[in-house]
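Dear colleague,

I am handing over the structure that we spoke about, together with its sequence. Please have both open while you read, and take your time with each part.

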Amino acid sequence: MRVDVWTDINCPFCYIGKARFEKALEGFEHSGDVQVIHRSFELDPSATPGSSEPVVPMIAKKYGISEAEAAANERGL
């Protein structure tokens with residue numbers, strides 16, 4: 001079986017997913033038959049290298065929502 005994993009190196013959720021996948025794979029009876037291919041996916045390819053900005057305003061701008069909505073989304077509400 002082949003599994004392609006697309007992640008962004010700077011994405012904390014990608015890291016969580018990778019860790020959970022690896023843990024699940026360890027418990028899989030046929031893990032030796034699984035070929036894992038890691039692929040790069042940039043969440044924001046237009047970002048200037050070395051730049052950063054606060055998450056909430058950036059998410060609000062990117063998705064066209066208010067900062068209050070973006071903040072609520074970040075809190076998981």
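What follows is a description of this structure, from the whole protein down to single residues.

A word first on the source: this is a predicted model, in which local features need pLDDT of at least 70 and side-chain atom pairs count only at pLDDT 80 or more, while totals for chains, interfaces and linings use all residues. Residues are numbered from 1 along each chain as its sequence is written, and side-chain values use heavy atoms, with hydrogens and water left out.

The protein as a whole

The protein holds three helices and two strands, where helices (H or I, at least four residues) and strands (E, at least two) are DSSP runs, numbered from the N terminus. Read from the N terminus on, the order of these elements is β-α-β-α-α. The radius of gyration of the protein, taken over C-alpha atoms, is 17 Å, whereas a compact globule of 77 residues would have one near 11 Å (the globule rule is 2.2 Å times the number of residues to the power 0.38). Along its principal axes, the C-alpha trace spans about 45 × 30 × 20 Å. Of the 77 residues, 14% are buried, a word that stands for under 20% relative accessible area, with exposed meaning over 50% and partly exposed in between (1.4 Å probe, protein chains only). If we take the contacts between residues at least 6 apart in sequence, 53% of them join residues at least 24 apart, and contact here means heavy atoms within 4.5 Å.

Helices α2 and α3

How do α2 and α3 pack, and at what angle? Helix α2 (residues 55-63) and helix α3 (residues 67-75) have axes 8 Å apart and meet at an angle of about 115°, where axes are lines fitted to C-alpha atoms, for helices over the stretch in contact, and angles run from 0 to 180 degrees between N-to-C directions. That angle makes α2 roughly perpendicular to α3, because angles of 65 to 115 degrees count as roughly perpendicular, those under 35 as roughly parallel, those over 145 as roughly antiparallel and the rest as oblique. On the side of α2, the contact is made by Val 55, Val 56, Pro 57, Ile 59 and Ala 60, and on the side of α3 by Glu 67, Ala 70, Ala 71 and Glu 74. In α3, Ala 70, Ala 71 and Ala 72 are buried, and the buried residues of α3 pack against α2. Just after α3, Gly 76 takes a positive phi of about 80°.

Ile 37 is found in strand β2 (residues 35-40) and, at 21% relative accessibility, counts as partly exposed. Leaving aside neighbours within four places in sequence, Ile 37 is in contact with Arg 2, Val 3, Asp 4 and Val 5. Although Ile 37 and Asp 4 are 33 residues apart in sequence, they are 4.7 Å apart in space, C-alpha to C-alpha.

Asn 10 sits in the loop between β1 (2-7) and α1 (12-26) and is exposed, with a relative accessible area of 67%. From C-alpha to C-alpha, Asn 10 and Ile 37 are 18 Å apart in space, and 27 residues apart in sequence.

Pro 45 has its place in the loop between β2 and α2, and it is exposed, with a relative accessible area of 60%. Pro 45 and Ala 72 are 27 residues apart in sequence and 25 Å apart in space, C-alpha to C-alpha.
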